[in-house]
Amino acid sequence: MSARAATGAVYDRGYRPYDGPRGGRRAATAALYRTSLRRAIGLRRPWRQKVAPAVLLAIAVIPAVVNVGVGYLTRNTPAEGFEFITYREYLGVSSALLLFVALVAPDIVCPDRRQRVLPLIFARPITGPDYALAKVGAIFTCVFSFSFLPQVVLYVGQMLVTKGGALAYLRHNTAVLWQVPVAAAILALFYAVLGIAVASLSGRRMVAGASMLGVTLVTSTISGILVRADGGRPGSGGHPAALLNVLALPLRIRDLVFLGHLHRDSPLSGVAGGGALAVGAYVAVVGGCIAVILSRYRSVEA
Amino acid sequence: MASIVRAHGLTKRYPGVTALDAVDLDLPAGRVGLVGANGAGKTTLFRLLLGLSTPDAGSVEVCGISVADNPIGVRSLIGYMPEHDCLPLDQTAADVVSTFGELGGLPVRAARQRASEVLDLVGLDEARFRPVGGFSTGMRQRTKLAQAIVADPKLVLLDEPTAGLDPSGRQEMLALVDRLGSFGIAVVLATHLLDDVAQVCDHVVMLDGGRLVTDAPTDTLLHQTGTVTVDVGPNAVAQLAAALGARGLAVTTDDSGMLEVTVAGDTDLDTIRDVVADLGLPLHRLTNRLTSLDDVFVHRAPAP
């Protein structure tokens, strides 16, 4: 043994008090948001947990890439300028978004209740509404990103392959620059509060996920039956029962954002004040979900 | 010593039961044992200290801050280790502890650094990157303690920290709790194990059925009884008892076969020594008998 090693010592580093900057309630909420977002997109988690966000992103972006590719290949042909998908149609139509929310919202909420982490979280400088805000914010960020990013790919791609040049494309499509983020935010808010509200009602991820899918499936089925039973057909008068289709509600608002009115193929298009009714139903569902979330986290067992 | 917790007339009722009944407390900074049987009101008191529950009457302050007026401010000063399992099982110990450091208000980098330090402190430095779900009970208890102290709280509330631990794990946990006091962190240790409190706490609060039984320094409770215990081995007990009785000392035999002798002063102790020497017996032990916390609890708690 060397002389240096012989004179070595084991140091007990003990405990060092912390005297650096310290955040309060807002910092705690931001920390919970970051943790939830990381969990939602699978960071610091096994590869299995990264599959859902990766697949969703791929499914969401592929149509944009294909559309841009077709535009590039047909730029000097009679088919030039053909778009098989528009910005409006591209937003929120993928059922992958629904599956993602049904999978991820329970994953960032249910274990906290089932594994009794909530008392530990609420022993920190954080309140029930802060917790709800962090969780809804995490899902909102995911859904917004996965809705907005493909639109960016589509827009930038179209700019680059358009025969008239990027600036000309930009001049002719300026409205899209605000329509897409606004519509994506409306869609993301709807999915986020609905997903967290349903997930907050159960401690089991499977039950919560199935409930989320069940809510959308049952409401769309009932709505379809009522619309058809009363003779309503898309584009032929419409029926207020279409409002019961929870999954389609944000798409109606999306149409209002892009078109200024309901699309003619919408089952609500012939209903007097259909647009206002759609906005009212959207606000009611979002408000109801927020009320459910807040009531679920108002009191926590320590 | 400055007060860390002050309560006045603290009362909490649930349907059909009064969990805390007009409790007055003035807990000094240091290691305080909160003793009581299951249902005595220990966890309810913790909930009130954290501002997770509202008292039906009375008031409570932590570090001079009213819990009713500023629960968020109070929670910024408190670390909490619940009795039950409460850790996210699919996360590593490092992630769990650093997350709770961030929730306690630490910046991200500081939280990760302190998580590493406190996991080292509680003996989990080698296991910090393993998922908590694969931990033993002792390792989970250590992780719970680490998350409670990672944000450098002024006060730590420990709810049954030795529950489920084997004897060596229990001793290690108590040693950690003992060290917290030396770090300048006030500790309130809730337990129904009186030995744990006697071992590490400077101050004892006893609750029974929601009522305060005792609130006093441990030293004043564990006073001398005027009795000594004499151990000369099992074969000579009767012989020594007879000899001491012949010298006028009151002698009884306890459950473990040792003699308990009532003494009035040093003269009686000299007498015991001389008798043992005259009989040629081996003197294994001659100690003052102290009151145990069990004695205090049994004598002071109201009869059911």
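Two residues are taken to be in contact if their C-beta atoms, placed from the backbone, lie within 7 Å. On this basis, and leaving aside neighbours within four places in sequence, A:Tyr131 is in contact with A:Leu32, A:Ile121, A:Ile126 and A:Tyr297. The structure described here is a predicted model, and the values that follow are computed from its atoms.

A:Tyr131 lies in helix α7 of chain A, which covers residues 128-161. Because 26 C-beta neighbours fall inside 10 Å of this residue, A:Tyr131 counts as buried, the cut-off for that class being 20 or more.

Chain A as a whole contains 12 helices and 0 strands, and its pattern, read along the sequence, is accordingly written α-α-α-α-α-α-α-α-α-α-α-α. The C-alpha trace of this chain spans about 90 × 50 × 35 Å along its principal axes. The radius of gyration of chain A is 24 Å, while a compact globule of 302 residues would have a value near 19 Å. Of the 302 residues in chain A, 40% are buried. When contacts in chain A between residues at least 6 apart in sequence are considered, 78% of them join residues at least 24 apart.

The contact between the two chains takes 31 residues from chain A and 34 residues from chain B. On the side of chain A that touches chain B, the elements giving two or more residues are α2 (25-40) and α6 (118-122) of chain A. Of the elements on this side, α2(A) gives the most, with 6 residues. By class, the residues on the side of chain A that touches chain B divide into 19 nonpolar, 5 polar and 7 charged.

Within chain B, helix α1 (residues 42-50) is mostly covered, with 9 of its 9 residues buried. The buried residues of α1(B) are B:Lys42, B:Thr43, B:Thr44, B:Leu45, B:Phe46, B:Arg47, B:Leu48, B:Leu49 and B:Leu50. The helix α1(B) is followed by B:Gly51, a residue whose phi is positive, near 75°.

A further residue of chain B, B:Arg179, is found in helix α6 of that chain, which covers residues 167-182. Because B:Arg179 has 17 C-beta neighbours inside 10 Å, this residue counts as partly exposed, a class that lies between the limits of 12 or fewer for exposed residues and 20 or more for buried ones. B:Arg179 and B:Ala127 are 52 residues apart along the chain, and their C-alpha atoms are separated by 21 Å.

Two packed helices are described by the angle between their axes and the distance between the axes. In chain B, the axes of helix α9 (residues 237-246) and helix α10 (residues 266-279) come within 10 Å and cross at roughly 130°. The helices α9(B) and α10(B) are therefore oblique to each other, because an angle over 145 degrees would be needed for roughly antiparallel and one from 65 to 115 for roughly perpendicular. The crossing in which α9(B) passes α10(B) is right-handed. The residues that meet there are B:Gln239, B:Leu240, B:Ala243 and B:Leu244 in α9(B), and B:Ile272, B:Val275, B:Val276 and B:Leu279 in α10(B). Sorted by class, the contact of α9(B) with α10(B) has 7 nonpolar residues, 1 polar residue and no charged residues.

How values were computed: Residues numbered from 1 in each chain as written. Chains lettered and ligands numbered in written order. Predicted model: local features only at pLDDT ≥ 70, side-chain atom pairs only at ≥ 80, totals over all residues. Axes fitted to C-alpha atoms, helices over the stretch in contact; angles between N-to-C directions. Helix = DSSP H or I, 4+ residues; strand = E, 2+ residues; numbered from the N terminus. Parallel < 35°, antiparallel > 145°, perpendicular 65-115°, else oblique. Left-handed = near helix turned anticlockwise from the far one by under 90°. Nonpolar A, V, L, I, M, F, W, Y, C, P; charged D, E, K, R; others polar. Rg over C-alpha atoms; globule rule 2.2 N^0.38 Å.
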